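Me: I am new to this structure and would like to understand the words used for it. Please set each value beside its definition.

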Amino acid sequence: FARDQEGNVAISSSTNNVTSVDLSSTPVKLGSVLPKANLGWSNSFEYKGLNLNLLFTARIGGIAISQTQAYLDYYGVSKTSAEARDAGGIRVNGGRVDAEGYYKVARDVLSEYTYDATTVRLQELSLGYTLPSRWFGDKMKMSLSLIGRNLWLIYCKAPFDPESTASTGT
């Protein structure tokens, strides 16, 4: 957003709304899409031919940008924009500005739609059963398994799965 000399968001006196952003101004680095660390923990359990495998993964740090959220807000069809309209506008500099006008400008300010990409998830779970080898004349072993991937997003700061966006390299 355009800023005044004190660093506050500039508000037009004629429209009582935020002023449009100068897209030709110097870009500001918000962070990197690359995580500081990727972690994983795997464990297996086996009992009488049944086996259970778990894989937990964590992505620590990095940022993700949601242009989808920006456009949903711009067109007024997101939950966020509905809540802003119901509240009588958006809080800016201690006052309120019109939600529609705010989101028309905010769409071009991607820093408003930049989120921490830290996640912890149950990446994979498999449940299997090893059939008794006597069923096959003790000539082979066969296992049947059900495998599920990306089953539970345990922790996520962003309002979406950051690993499902193009900006994270997936």
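Reply: The protein chain holds three helices and 10 strands, where helices (H or I, at least four residues) and strands (E, at least two) are DSSP runs numbered from the N terminus. This is a predicted model, in which local features need pLDDT of at least 70 and side-chain atom pairs count only at pLDDT 80 or more, while totals for chains, interfaces and linings use all residues. Residues are numbered from 1 along each chain as its sequence is written, and side-chain values use heavy atoms, leaving out hydrogens and water.

Me: Why is Leu72 called partly exposed?

Reply: Buried means under 20% relative accessible area, exposed over 50%, and partly exposed in between (1.4 Å probe, protein chains only). Leu72 has 34% relative accessibility, and therefore counts as partly exposed. Leu72 is placed in helix α1, residues 67-74.

Me: What makes the largest nonpolar core, and which residues touch the most other members?

Reply: A nonpolar core is a set of buried Ala, Val, Leu, Ile, Met, Phe, Trp, Tyr and Cys residues joined through side-chain atoms within 4.5 Å. The largest one has 18 residues, and Val18, Ile90, Val92, Tyr102, Tyr103 and Tyr113 touch the most other members. Two or more residues come from each of β6 (90-92) and α3 (99-106), with α3 giving the most, five residues.
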